[in-house]
Amino acid sequence: MPVFGRLETEVAAKAPAYKFHEVNSKRIHETAKICPKYFQKIDLKEGEWGGEGSVTCWYFVIDGKAVMSREILEKVDNENQSVTYNVIGGVLKETYQSFKFIVQAIPKDEGSLVRWTLIYEKLNVDVPDPNAMLQFGIDVTAEIDTYLIQEELEKKTIA
C-alpha cells in the first residue's frame with residue numbers, strides 16, 4: 001500500500017527572490033562554491049546546466065553522512081520563480097518510491113520567502129518522513145542567503 005506524503009516550510013531571506021531563483025535555475029553549477037558546507041560537487045550528466053530535462057548528480061552531506069542524489073530538473077518556472085527536481089537515483093531512492101523537491105522564491109517588500117516543498121511516496125509505512133531533508137533545505141537556504149548578500153556587498157564595494 002503506497003504511503004504518500006508532503007512536507008513544506010518557508011524560510012525568510014534577505015536576498016531578493018530573483019537571486020534565489022537564479023541560483024536554483026541558472027547557477028546550479030556554482031552550488032558547491034555557494035554552499036561548500038553542504039555540497040561537495042554537482043555533476044551534469046545529461047543536458048545543459050539549468051535546462052529542463054537535465055540530469056545532475058548532487059553530492060552532499062546530510063546528518064554527517066556524504067551521499068549522492070541523481071535528479072532531473074523537471075520544471076523551471078521563471079514567472080513563479082520555482083524549480084522542480086525529480087529524484088531518479090541515489091540515497092533517497094533507497095527509502096522512497098518517488099521524491100520531488102519544489103523550491104520557490106517569493107518576493108517580499110524586503111528580501112524574499114523561500115518555500116521548500118517535498119512530495120514523496122515511501123517504500124513502506126516504516127519509512128520516516130524526510131524531516132532531515134526539509135531541515136537540509138532550511139540550512140541550505142540560509143547559506144545561499146549569506147552568500148548572495150555578501151556577493152551584493154562586494155559588487156557595491158567595487159562600483
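This is a predicted model: local features need pLDDT of at least 70, side-chain atom pairs count only at pLDDT 80 or more; totals for chains, interfaces and linings use all residues.
**The strands around β3**

On one side, β3 pairs with strand β2 (residues 39–46) in the antiparallel sense, over six bridges. Within that pairing, I42 has W58 of β3 as its bridge partner. Strand β3 is also joined to strand β4, residues 65–77, by eight bridges, and these two strands run antiparallel as well. Here C57 stands opposite R70 in β4. The hairpin of β3 and β4 has two residues between the strands, and D63 takes a positive phi near 55° in it.

**Aromatic rings**

Which residues form one aromatic cluster? The members are Y38, F39, W58, F60, Y85 and F136. Across the whole model, the count comes to eleven aromatic pairs. Let us look at two of them, starting with F39 and F60. Their ring centres are 6.2 Å apart and their planes meet at 55°, so the pair is tilted. With F39 in strand β2 and F60 in strand β3, the pair ties together parts that are 21 residues apart in sequence. F39 is buried, with a relative accessible area of 8%, and F60 counts as buried too, at 3% relative accessibility.

The second pair is W58 with Y85. The centres of these rings lie 5.7 Å apart and the planes are at 85°; since that angle is over 60 degrees, the pair is edge-to-face. This pair links distant parts of the chain, with W58 in strand β3 and Y85 in strand β5 (residues 82–90), 27 residues apart. Both W58 and Y85 are buried.

**The nonpolar core**

The largest nonpolar core has 40 residues, and those touching the most other members are F39, F99, F101 and M133. Helix α3, residues 131–158, gives the most to this core, with seven residues.

**The cysteines**

How many disulfides does a search of the whole structure find? The search finds zero. C35 is in no disulfide, and the nearest cysteine sulfur, that of C57, is 18 Å away. Seen from the other end, the sulfur of C57 has C35 as its closest cysteine sulfur, and 18 Å is too far for a bond. C35 is buried, with a relative accessible area of 0%, and C57 counts as buried at 2%.

E71 lies in strand β4. Is E71 buried or exposed? At 6% relative accessibility, E71 counts as buried. Apart from neighbours within four places in sequence, E71 is in contact with S54, V55, T56, W58, Y85, N86, V87, I88 and F101. Both rings of the edge-to-face pair, those of W58 and Y85, therefore belong to residues that E71 contacts. The side chains of E71 and W58 are joined by a polar contact of 3.5 Å. By contrast, E71 and I106 are 35 residues apart in sequence and 23 Å apart in space, C-alpha to C-alpha.

R27 sits in the loop between α1 (17–25) and α2 (31–34). Helix α1 is itself mostly covered, with seven of its nine residues buried; these are A17, K19, F20, H21, V23, N24 and S25. R27 is buried too, with a relative accessible area of 9%. Its side chain makes a polar contact of 2.8 Å with the side chain of E151. Not counting residues up to four places away in sequence, R27 touches E22, I34, Y147, L148 and E151.

**Buried residues side by side**

The table gathers the relative accessible areas of several residues discussed above.

| Residue | Relative accessible area |
|---|---|
| R27 | 9% |
| C35 | 0% |
| F39 | 8% |
| C57 | 2% |
| F60 | 3% |
| E71 | 6% |

Note on methods
Residues are numbered from 1 along each chain as its sequence is written. Side-chain values use heavy atoms; hydrogens and water are left out. Helices (H or I, at least four residues) and strands (E, at least two) are DSSP runs, numbered from the N terminus. Buried means under 20% relative accessible area, exposed over 50%, partly exposed in between (1.4 Å probe, protein chains only). A polar contact is a pair of N or O atoms within 3.5 Å; within protein, one must be able to donate a hydrogen and the other to accept it, and residues adjacent in sequence count only if both atoms are side-chain atoms. Contact means heavy atoms within 4.5 Å. Two strands pair if DSSP finds at least two bridges between them. A nonpolar core is a set of buried Ala, Val, Leu, Ile, Met, Phe, Trp, Tyr and Cys residues joined through side-chain atoms within 4.5 Å. A disulfide is a pair of cysteine sulfur atoms within 2.5 Å. Rings of Phe, Tyr and Trp (its six-membered ring) pair if their centres lie within 6.5 Å; planes under 30 degrees apart count as stacked, over 60 as edge-to-face and the rest as tilted.
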